[in-house]
Amino acid sequence: MSIPGQAAADALAHRLGVVVDPELLVLALTHRSFAYEAGGIPTNERLEFLGDSVLGVVVTDRLYRDHPDLPEGELAKMRAASVSQRALAQVAREIELGPCILLGKGETATGGADKDSILCDALEAVFGAVYLTHGIDVARDVILRLVGPTLVAAASSGVALDWKTSLQEVCAEHGLGAPVYSAEGTGPDHARTFTATVMVDGRVLGTGTGTAKKLAEQEAAEAAYAAIIAQSVSAD
């Protein structure tokens, strides 16, 4: 199997700052839509699974060491923000990963190379490929170089890091019980849009939309959080 677009692959390796085993790089870039059209060849999903775990360990270790005074809950928020689909997709765009991903005709036609979910999954798969090629030390260096800026931003973003966690906390503070989410997806598999609602104390307090269920729920949680804070301020 040859790497599609050798120049693009070489440029990607340069942006990563490390040489990746060519076969693993191809695998990391192989989306399931391309694999299906190519007759059922392996996809990047196993590498994505591995890379997600490596990413989590590296980010958690760095946050733990850099913020010795923060409680577990705050560290969890920072980690969630740093490895969120939206954050990782932005990193993928910065290294121009999208044009390197092998996509089926349908995904290509609908802009799959710039979809958050596809970019995020491919980036995690690339991290997995780096880990298998070089081990944890090199993988850590690559991950921190690429994701490091989001870690810095997370340290100063406060409540906005993870709206679902923040909503759960503010609900507990006001004795409102746990938020309850529901979500529906519409459209074809390659271009689905999700709409989420969140109920708090028996009332729908927030709605949100997104290209993934998690994104829609985060937007709904943000709206509900704002509503609870506004009600609290008016009550005072």
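Let me start with Leu 146, which touches Leu 16, Val 91, Ile 95 and Phe 127 when residues up to four places away in sequence are not counted. Please keep in mind throughout that this is a predicted model.

Leu 146 belongs to the largest nonpolar core, a set of 42 residues, and it is one of those that touch the most other members, together with Leu 12, Leu 16, Leu 97, Leu 123, Phe 127 and Val 147. As for where these residues come from, at least two are supplied by each of α1 (6–16), α2, α4 (45–66), α5 (72–82), α6 (85–94), α8 (116–134) and α9 (136–154). The helix that gives the most to this core is α8, with 10 residues. Apart from this core lies another one, of 16 residues, which includes Val 170, Leu 176, Val 200 and Ala 220. As background, nonpolar side chains in soluble globular proteins tend to be buried together.

Stepping back to the whole chain, we have 11 helices and 3 strands, and along the sequence the pattern reads α-α-α-α-α-α-α-α-α-α-β-β-β-α. The chain has 236 residues, of which 40% count as buried, and it exposes about 12200 Å², with carbon and sulfur atoms supplying 55% of that area. If we take the contacts with a separation of 6 or more, 56% of them are between residues 24 or more positions apart.

Which residues of α4 are buried? They are Leu 47, Glu 48, Gly 51, Val 54, Leu 55, Val 58, Val 59 and Leu 63. Seen down the axis of α4, these buried residues fall within an arc of 160 degrees, so they line one face of the helix. On the other side of α4 we find Arg 46, Phe 49, Val 57 and Tyr 64, which are exposed.

My last stop is Thr 30, in the loop between α2 (22–28) and α3 (32–37). Is Thr 30 buried or exposed? Its relative accessibility is 1%, and because buried means under 20%, Thr 30 counts as buried. A polar atom of the Thr 30 side chain lies 2.6 Å from the backbone oxygen of Val 26. Leaving aside residues up to four places away in sequence, Thr 30 also touches Ala 35, Ile 41, Pro 42, Thr 43, Asn 44 and Leu 102.

Note on methods:
Residues numbered from 1 in each chain as written. Predicted model: local features only at pLDDT ≥ 70, side-chain atom pairs only at ≥ 80, totals over all residues. Heavy atoms only, no water. Helix = DSSP H or I, 4+ residues; strand = E, 2+ residues; numbered from the N terminus. Buried < 20%, exposed > 50% of the residue type's maximum accessible area, 1.4 Å probe, protein only. Polar contact = N/O pair within 3.5 Å; in protein donor to acceptor, adjacent residues only side chain to side chain. Contact = heavy atoms within 4.5 Å. Areas by Shrake-Rupley, 256 points an atom, 1.4 Å probe, with all protein chains shown as cover. Core = buried A, V, L, I, M, F, W, Y, C linked by side-chain atoms within 4.5 Å. Arc of directions from axis to C-beta.
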